[in-house]
Amino acid sequence: MDFVVNLLAMCVPFSVALLLASIGEMFNQRAGVFNLGCEGVMAMGAFIGMLVPFMIGKGGEVANYWNYLGILAAVMVGALLGLFFGLIVVTFRAPQGIAGIGLQMFGVGTAGTLFRHFVGGTQSVVGIPNSPVPLLSKIPVVGDIFFNHNLLVYFAFLFVPVAWYILFKTSWGLKVRAVGTYPRAADSMGINVNKTRYQALMLGGALAALSGAYLSLAQAKMFSQSLIAGRGFIAVALVYFGHWHPVQIMGGALLFSLAQTFQAAIQGLGINFPYEFAVMLPYVLVIVVLSFTSRNQTTSPSALGKPFNREIRT
Amino acid sequence: MKKLLVIVLLVSLACGTVFAGGASETAAAKESGAVKIALIIENTIDDKGWCQAMYDGIVAAQAQMPGKIEFSYSENMPPVDAGSIARQYVADGYDLIVAHGAQYKNLILEMAGEYPDVSFAFGTSAEVGPSNVFTYMPESEETGYLSGLIAGLTTKQNIVGLVGPVDGGDAARYNRGFVLGVKAVNPDAKIQVAHTGSFSDYVKAGEVATSQIKNGADVLTGSSQQAIGALRATAESPTAMWVGQDIAQFSTAEGQKKCIAASSYNYAAVIVGMVDKINSGVKGGECIPMNFNNDGFIFEFNPALPQYKTPEITAAVDKALADFKAAPGVLANWSSVDYSTL
């Protein structure tokens, strides 16, 4: 029983980085923009997030609010990177796949270069402490799994219904879905397609950067140039996995994280099983689920990846 | 057309001047008798792990051989990018190109054929390469054994954790040495072994360490540069402790608090040996083992945690160290360790 509770209690915080980045990417894709640069934005978020408390505390302890200031700075930088990406793919109508790869390289490279300049080598930070929810965290089993984490974990999971509400119950969410599904019709209805796509990209960038800052300030509590290690690409895959729906994306992030935690735990049990297969487990799981669910693509934004030009009839 | 010709001429002249400058610089280095060493690494020189150990080793070798070594390095070089920079170093007249990691093996073997007058080195590898390739193999079952002794005698829960990168090279030797060390002093201890499948996924190393701590491990160790992620996760636990594979970990806040002891690779001895061989006309064709017997390793207790240096631990470590220093190959049975029996 303890084994299972431990697995679940770990998989919840370990899923947060993927969850936040995937929800951000979902907003991008719902608006018709495919952002492969998620990894780069996460790297910048991770770096900026840790830089603020590091500079204030000169590598030592700082008051917790400096961590949140770091997160705020990361979110702003992420939104700016989303804006920058919008300039390239929305205004200049560059191919989204190539531009995304460019953003990924730009973000990872810039974060690494600035890190070397301002910080130096692999650096840890005190980071954000756990904030157990009074009373609820004392409930057996459930308390450990859901209510004994840091504030960003609670925020990430509470943001899932918020994202659902924004996307499906607000006029802005309707605009986002419209410009991602049939931008010409949206345009003829008076919706500013480019503006809506810019807004979605800024929100997506902010969430990707928040995800990176979560890794550097709340989970790993350190920064190195290879901190993100491909999680941005997994986040993109999870959007397809979750059919562009926040709740299903949350399920995907939790499932991936559970598989990751499970494979680490079973290796420790000393079962005669090649560890390489255990390490592959989460990725194989994503591929298998994608291959079984990809037939149901009715929810995919039909204008995904297509630049909008009102002068050209498509 | 005339303008084009003038431009081509000017560019040719400029190139000639630049390359002539480079050649004379190389000639000056040769005249001084210094061996020019280029280091290519996949991480950074201050990663508190694998790459820093080699960088520190070359710097120490420079200090030991004043004026005999010139040194440059390139960081963050995955194998796919390393070829161009390695060729640039060859063009700049470097005598020895050290590509620090087994992942560079194919590149180095290919370049060794192209440039037979230049020495190359890569490791870890127990293979003997071509006549212009040195390899080096840390016999890190010895350092792992010392870590295992300390972990086995320190654990209160009788559960220890091991965060490995991949089951190969010196990491496989360190990990199996660790198991032998734990079992030598605490046969009943449970050892949780897990690999991340990466050398540099700090987050995943931290997740594995957290998983092991949640499942009862109270002393952990790990190898490769990602181990710093596992050490950081260990620092979050009020009770768990760490035994390190790099003394540089003592310099971190979490290392100060959690790292009982650590061993480091002393690459200075390897580099000094290679430089001496190059100066005597031997360009490669040798595998250089690293062990306590040939001063290839350094071991230290963390001075900030004297309470963990108990008489029992000190005696066990001192005895093992004396055995290792007396002769190499004491733990020749390291490869027989089977994780599934733990």
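Trainee: In what order do the strands of the open sheet with parallel pairing in chain B stand?
Mentor: In this predicted model, strands are DSSP runs of E with at least two residues, helices are runs of H or I with at least four, and both are numbered from the N terminus. Two strands count as paired if DSSP finds at least two bridges between them. On that basis the open sheet has six strands with parallel pairing, and their order in chain B is E2-E1-E3-E4-E5-E11.

Trainee: Which strands stand at the edges of this sheet?
Mentor: An edge strand here has a single partner strand, so one side of it is left without a neighbour in the sheet. In chain B this applies to strand E2 (69-74) and strand E11 (286-290).

Trainee: Which residue of E2(B) stands opposite B:Ala38?
Mentor: Strand E1 (residues 35-40) of chain B runs parallel to E2(B), and six bridges join the two. Within E2(B), the residue opposite B:Ala38 is B:Ser72.

Trainee: What angle does the direction of helix H3 of chain B make with that of E1(B)?
Mentor: Axes are lines fitted to C-alpha atoms, for helices over the stretch in contact, and angles between N-to-C directions run from 0 to 180 degrees. Helix H3 (residues 79-91) of chain B packs on the sheet and is in contact (heavy atoms within 4.5 Å) with E1, E2, strand E3 (96-99) and strand E4 (119-123) of chain B. Its direction makes an angle with that of E1(B) of about 170 degrees.

Trainee: Which residue is the bridge partner of B:Leu162 in E8(B)?
Mentor: Chain B also has an open sheet of six strands with mixed pairing, in the order E7-E6-E8-E9-E10-E12. Strand E6 (residues 159-164) and strand E8 (residues 219-222) of chain B run parallel and are joined by four bridges. In E8(B), the partner of B:Leu162 is B:Thr221.

Trainee: What is the area buried between chain A and chain B?
Mentor: The size of an interface is often given as the accessible area lost when the parts come together. Here that loss is taken with a 1.4 Å probe and summed over both parts. In this structure, 35 residues of chain A are in contact with 36 residues of chain B. Carbon and sulfur atoms give 49% of the buried area, which is about 2800 Å².

Trainee: Where does B:Glu75, which meets A:Arg116 in a salt bridge, lie?
Mentor: The side chains of B:Glu75 and A:Arg116 meet at 2.6 Å, N to O. A:Arg116 is in helix H5 (residues 96-118) of chain A and its partner belongs to chain B, so the pair joins two chains. The place of B:Glu75 is the loop between E2 and H3 of chain B.

Trainee: How are the residues and chains labelled, and which atoms and pLDDT limits apply?
Mentor: Residues are numbered from 1 along each chain as its sequence is written, while chains are lettered from A and ligands numbered from 1 in the order in which they are written. Side-chain values use heavy atoms, without hydrogens and water, and in this predicted model local features need pLDDT of at least 70, side-chain atom pairs count only at pLDDT 80 or more, and totals for chains, interfaces and linings use all residues.

Technical notes
Buried area is the accessible area (1.4 Å probe) that two parts lose on being put together, summed over both. A salt bridge is a side-chain nitrogen of Lys or Arg within 4 Å of a carboxyl oxygen of Asp or Glu.
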